[in-house]
Amino acid sequence: MKHHFSLTFRVTERQSVDVKKVAQRITGSDFHVETADLSGTEFSVHFAREGDHAADLLNYAREQVLNAMPGAELVSVDMSEEPPMTGAVDDITKLVIRACQVFGEPDLAHAWLNKPQSGLNGHIPKVLMVDAPGRTLVSRLLTALEIKD
């Protein structure tokens, strides 16, 4: 079975992230590294691997990143059996679908996405979702809401 992973890491402000250097230090050509926030303190690593034991694959990737960027802290993991969507429109679509899953009904998800949320410092999720850092914040809040239930 093929698994698709997205791991997001955070570093201290004084470390900063040069995604090209991180990518060069990771063993394996199937890792894609990108900046996850505007401050340069978060980055995401995306990859796909075949295997029956997703946890082993995930641990391998985490170790690769920590070897490339010591001191990085894993802040979120996304894993699926489907290839990740690409592009902002697909990412937004993915978040809307996820909100529908979290809230159980499209109308509830729509209402949540369109009103200020305290977990987003009073910002409206659909407004934040126009850029990658905002989508990351909305995704994290949906994960927190999902875990609470």
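This is a predicted model: local features need pLDDT of at least 70, side-chain atom pairs count only at pLDDT 80 or more; totals for chains, interfaces and linings use all residues.

Student: Where does Leu74 lie?

Tutor: In strand S4, which runs over residues 73-80.

Student: And which residues make the nonpolar surface patch?

Tutor: Leu74 is one of them, along with Val77 and Met79, and the patch comes to about 230 Å².

Student: OK, zooming out. How many helices and strands does the protein chain have?

Tutor: Six helices and four strands. If you read along the sequence, the order is β-α-β-β-α-β-α-α-α-α.

Student: What share of the residues is buried?

Tutor: The protein chain has 149 residues, and 36% of them count as buried. As for the surface, the chain exposes about 9000 Å², with carbon and sulfur atoms supplying 54% of that.

Student: How much of the contact count comes from residues 24 or more positions apart?

Tutor: Taking contacts with a separation of 6 or more, such pairs account for 64%.

Student: Give me an example. What does Leu7 touch, leaving aside its neighbours within four places in sequence?

Tutor: Its contacts are Phe43, Ser44, Val45, Phe47, Leu58, Arg62, Leu74 and Ser76. Leu7 lies in strand S1, and at 1% relative accessibility it counts as buried, because the limit is 20%.

Student: How far is Leu7 from Val75 in space?

Tutor: 7.8 Å, C-alpha to C-alpha, although they are 68 residues apart in sequence.

Student: What about Arg49, where is that?

Tutor: Arg49 lies in strand S3. Beyond its sequence neighbours within four places, it contacts Met1, Lys2, His3, Asp30, Phe31, Leu57 and Tyr60. With Met1, the C-alpha atoms are 8.3 Å apart, for 48 residues along the chain.

Student: Switching to aromatics: how many pairs are there?

Tutor: Three aromatic pairs. In one of them, Phe9 and Phe43 have ring centres 5.4 Å apart and planes at 15°, so that pair is stacked; the cut-off is under 30 degrees.

Student: Which strands do Phe9 and Phe43 belong to?

Tutor: Phe9 is in strand S1 (residues 2-10) and Phe43 is in strand S3 (residues 42-50), so to speak distant parts of the chain, 34 residues apart. Both residues are buried.

Student: And how do Phe103 and Trp112 pair up?

Tutor: That pair is tilted, with 5.4 Å from centre to centre and 40° between the planes.

Student: Is each of those two buried or partly exposed?

Tutor: Phe103 is partly exposed, at 25% relative accessible area. Trp112 is buried, at 9%.

Student: Which residues of helix H4 are buried?

Tutor: Ala109, Trp112 and Leu113, in a helix that covers residues 106-113. Those three span an arc of only 95° around the axis, so they sit on the same side of H4.

Student: What's on the face turned away from that buried side?

Tutor: The exposed residues Asp107 and His110.

Notes
Residues are numbered from 1 along each chain as its sequence is written. Side-chain values use heavy atoms; hydrogens and water are left out. Rings of Phe, Tyr and Trp (its six-membered ring) pair if their centres lie within 6.5 Å; planes under 30 degrees apart count as stacked, over 60 as edge-to-face and the rest as tilted. Helices (H or I, at least four residues) and strands (E, at least two) are DSSP runs, numbered from the N terminus. Buried means under 20% relative accessible area, exposed over 50%, partly exposed in between (1.4 Å probe, protein chains only). The arc is that of the directions from the helix axis to the C-beta atoms. Patches are made of residues with over 30% relative accessible area and no salt bridge: like charges are joined within 9 Å, nonpolar side chains (Val, Leu, Ile, Met, Phe, Trp, Tyr) within 5 Å. Accessible areas come from the Shrake-Rupley method with a 1.4 Å probe; for residues, only the protein chains shown count as cover. A salt bridge is a side-chain nitrogen of Lys or Arg within 4 Å of a carboxyl oxygen of Asp or Glu. Contact means heavy atoms within 4.5 Å.
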